[in-house]
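Please examine the sequence and the structure shown here before reading on. The paragraphs below then lead from the whole chain to individual residues.

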Amino acid sequence: MSEKMLNNVKEGTFPEAILNTYGPLNNNEKFKEKYADKSFKILLNPKDGKFAALITINNGTVSIKGLDNQDKKKLDQKEIGWDGYMQTTLALFDEIGKGNLSQSDIVKKVVARKIKMKNVKFVAKLSEMGALLN
């Protein structure tokens, strides 16, 4: 069974892009050391996409799960237990992923309600993790 099937990620979807971005961390020794005793979940929900991505960090491993985001109740914090949450458009997720937006640009978009975040300290871990990919 392929890694994508194990993670419930369909090809050509937003969760697959997230898996392709953060999946290589599972082979990164610095990541495994830094996150060896950490466990948290971050939900990334593109409001104009069909699938949200649930990123789970558990004792130095990353897994990505694709979730149908048509029923918002299924994405509720009580339902799936996420620690951090970010919702915006696919285009803005793409800009953030490419590094085209600075921290201040992102803050401005949060204030303007273009990006919705909950528990920012967990969402900020995505940039920490991204830095380990380089």
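The explanation begins with the model itself and continues with the overall fold.

This is a predicted model, in which local features need pLDDT of at least 70 and side-chain atom pairs count only at pLDDT 80 or more, while totals for chains, interfaces and linings use all residues. Residues are numbered from 1 along each chain as its sequence is written, and side-chain values use heavy atoms, with hydrogens and water left out.

The protein chain contains eight helices and five strands. Both kinds of element are DSSP runs numbered from the N terminus: helices are H or I runs of at least four residues, and strands are E runs of at least two. Read from the N terminus, the order of elements is α-α-α-β-β-β-α-β-α-α-β-α-α.

The C-alpha trace spans about 40 × 30 × 30 Å along its principal axes. The radius of gyration, taken over C-alpha atoms, can be set against a globule rule of 2.2 Å times the number of residues to the power 0.38. Because a compact globule of 134 residues would have a radius of gyration near 14 Å, the 14 Å of the protein chain agrees with that expectation.

Next come burial and surface. A residue is called buried under 20% relative accessible area, exposed over 50%, and partly exposed in between (1.4 Å probe, protein chains only). Of the 134 residues of the protein chain, 40% count as buried. The chain exposes about 8100 Å², and carbon and sulfur atoms supply 50% of this area; accessible areas come from the Shrake-Rupley method with a 1.4 Å probe, and for residues only the protein chains shown count as cover.

Contact means heavy atoms within 4.5 Å. Among contacts between residues at least 6 apart in sequence, 59% join residues at least 24 apart.

Strand 2 (residues 51-58) and strand 3 (residues 61-68) run antiparallel and are joined by eight bridges; two strands pair if DSSP finds at least two bridges between them. Within this pair, A53 stands opposite G66 in strand 3. T56 also belongs to strand 2, and T56 is buried, because its relative accessible area is 18%. Apart from neighbours within four places in sequence, T56 is in contact with F40, K41, T61, V62 and S63.

Some backbone angles deserve attention. Most residues other than glycine have a negative phi. In the hairpin of strand 2 and strand 3, with two residues between the strands, N59 takes a positive phi near 50°. R113, in the loop between helix 6 (103-111) and strand 5 (116-118), has a positive phi near 65°. R113 counts as exposed, because its relative accessibility is 75%. N119 lies in the loop between strand 5 and helix 7 (120-123) and has a positive phi of about 55°, although N119 is not a glycine. With a relative accessible area of 41%, N119 is partly exposed.

Where is G81 found? G81 is in the loop between helix 4 (77-80) and strand 4 (84-88), and G81 is partly exposed, with a relative accessible area of 38%. Leaving aside neighbours within four places in sequence, G81 is in contact with K41 and D76. The C-alpha atoms of G81 and N20 are separated by 23 Å, and these residues are 61 residues apart along the chain.
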